[in-house]
Amino acid sequence: MPSVLIIEDDQRIRELVTRVLSEKGYEVGGAATALDGLQRIVQDSPDVVILDMGLPDLDGRELLKMIRAITDVPVVVATARGEDAEVIRTLDSGADDYLIKPFSVEQLEARLRAVLRRSAADSSIMPIVVGGIQIHVEARVATLDGRALQLSPKEFDLLVFLANRVGVVVSRRQIMAEVWRQPYGGSEKTVDVHISWLRKKLGETAAQSRYIETVHGVGIKLVDPT
Ligand code: CA
């Protein structure tokens, strides 16, 4: 079962989350301060971290940066500050997802499942194969018909995002939230530009698509043309 570390100074929340997640079969550890949390991440290497942004000894975003300096462990941030700008800053600091307090344990568990699923897919040794496209996620290498694709980091992330959802239509907003980590704001134009670059590198155009299909008024999907 996945192991979870909750870094939270509010004892009631820590105990509640620990109890409920333990009942669901997670292995749960807790820390009440940022420094204790950091130490536990190093010692226990949990599969996912729940991080309260309001800790007594260190600002949550500072801790997040320190965590990111040592590990890629998925981090779900719990924050009382719901302003969009704050949320975006938090995601930019390296959080994988966030919850606005007060949150339900069901909400929390859904977020945990989602980030764990993503991190399992990311660390998979098997390449993702879609027709002539092969993606080695860990090595961050993608090939088309055996030829290496020269992709920018965002183009690569976008391709992985689409390849993990072959045949499923995704909206620009969804891409903005998942690939750019900007659930609010951010320009959908950015997404369009990257899609057209990615198309070009896959040797296709919007008018003559093979892999990336536009579904008008909804979004795009990656398809296997073979
Ligand atoms: Ca707190």
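Pro 102 sits in the loop that runs between strand S5 (97-100) and helix H5 (105-122). The peptide bond joining Lys 101 to Pro 102 is cis, with omega at about -5 degrees. Bear in mind that this is a predicted model.

**Helix H3 and what it packs on**

- Helix H3 covers residues 60-70, and its buried residues are Gly 60, Leu 63, Leu 64 and Ile 67.
- Looking down the axis of H3, you find those buried residues within an arc of 105 degrees, so they line one face of the helix.
- The background is simple helix geometry: an α-helix has 3.6 residues a turn, so residues three or four places apart point the same way.
- Which elements do the buried residues of H3 pack against? They are strand S1 (3-7), helix H2 (34-44), strand S3 (48-52), strand S4 (75-79) and helix H4 (84-92).
- At the start of H3, Asp 59 brings a side-chain oxygen to within 3.1 Å of the backbone nitrogen of Arg 61.

**Gly 60, a closer look**

- Gly 60 belongs to helix H3.
- Its relative accessible area is 0%, so Gly 60 is buried.
- Leaving aside residues up to four places away in sequence, Gly 60 touches Leu 51 and Met 53.
- Gly 60 and Ser 93 are 33 residues apart in sequence, and their C-alpha atoms are 9.9 Å apart in space.

**Helix H4**

- The buried residues of H4 are Glu 86, Val 87, Ile 88, Thr 90 and Leu 91.
- H3, S4 and S5 are among the elements that cover the buried residues of H4.
- Just after H4 comes Gly 94, which has a positive phi of about 115 degrees.

**H6 crossing H8**

- Two packed helices are described by the angle between their axes and the distance between the axes.
- For helix H6 (residues 153-163) and helix H8 (residues 188-201), the axes come within 10 Å and cross at roughly 85 degrees.
- H6 and H8 are therefore roughly perpendicular to each other.
- On the H6 side, the contact is made by Lys 154, Glu 155, Leu 158, Leu 159 and Leu 162.
- On the H8 side, His 194, Ile 195, Trp 197, Leu 198 and Lys 201 make the contact.

- As a rule, most residues other than glycine have a negative phi, and most peptide bonds are trans.
- Ser 45 is not a glycine, yet its phi is positive, at about 30 degrees.
- You'll find Ser 45 in the loop between H2 and S3. Buried or exposed? Ser 45 is exposed, with a relative accessible area of 53%.
- Arg 140, also not a glycine, has a positive phi of about 55 degrees.
- Arg 140 sits in the loop between strand S7 (133-136) and strand S8 (141-144), and at 43% relative accessibility it counts as partly exposed.

**Glu 204, a buried loop residue**

- Glu 204 lies in the loop between H8 and strand S10 (212-215).
- Glu 204 has 5% relative accessibility and counts as buried, because the cut-off for buried is under 20%.
- A polar atom of the Glu 204 side chain lies 2.7 Å from the backbone nitrogen of Tyr 211.
- Beyond residues up to four places away in sequence, Glu 204 touches Arg 199, Ser 209, Arg 210, Tyr 211 and Ile 212.

- Thr 143 is in strand S8 and is buried, with a relative accessible area of 16%.
- Which residues does Thr 143 touch, not counting residues up to four places away in sequence? Those are Gly 132, Ile 133, Gln 134, Ala 148 and Leu 149.
- Thr 71 is in the loop between H3 and S4 and is partly exposed, with a relative accessible area of 22%.
- Thr 71 and Glu 138 are 67 residues apart along the chain, and 14 Å separates their C-alpha atoms.

Note on methods. Residues numbered from 1 in each chain as written. Predicted model: local features only at pLDDT ≥ 70, side-chain atom pairs only at ≥ 80, totals over all residues. Heavy atoms only, no water. Buried < 20%, exposed > 50% of the residue type's maximum accessible area, 1.4 Å probe, protein only. Helix = DSSP H or I, 4+ residues; strand = E, 2+ residues; numbered from the N terminus. Arc of directions from axis to C-beta. Contact = heavy atoms within 4.5 Å. Polar contact = N/O pair within 3.5 Å; in protein donor to acceptor, adjacent residues only side chain to side chain. Axes fitted to C-alpha atoms, helices over the stretch in contact; angles between N-to-C directions. Parallel < 35°, antiparallel > 145°, perpendicular 65-115°, else oblique.
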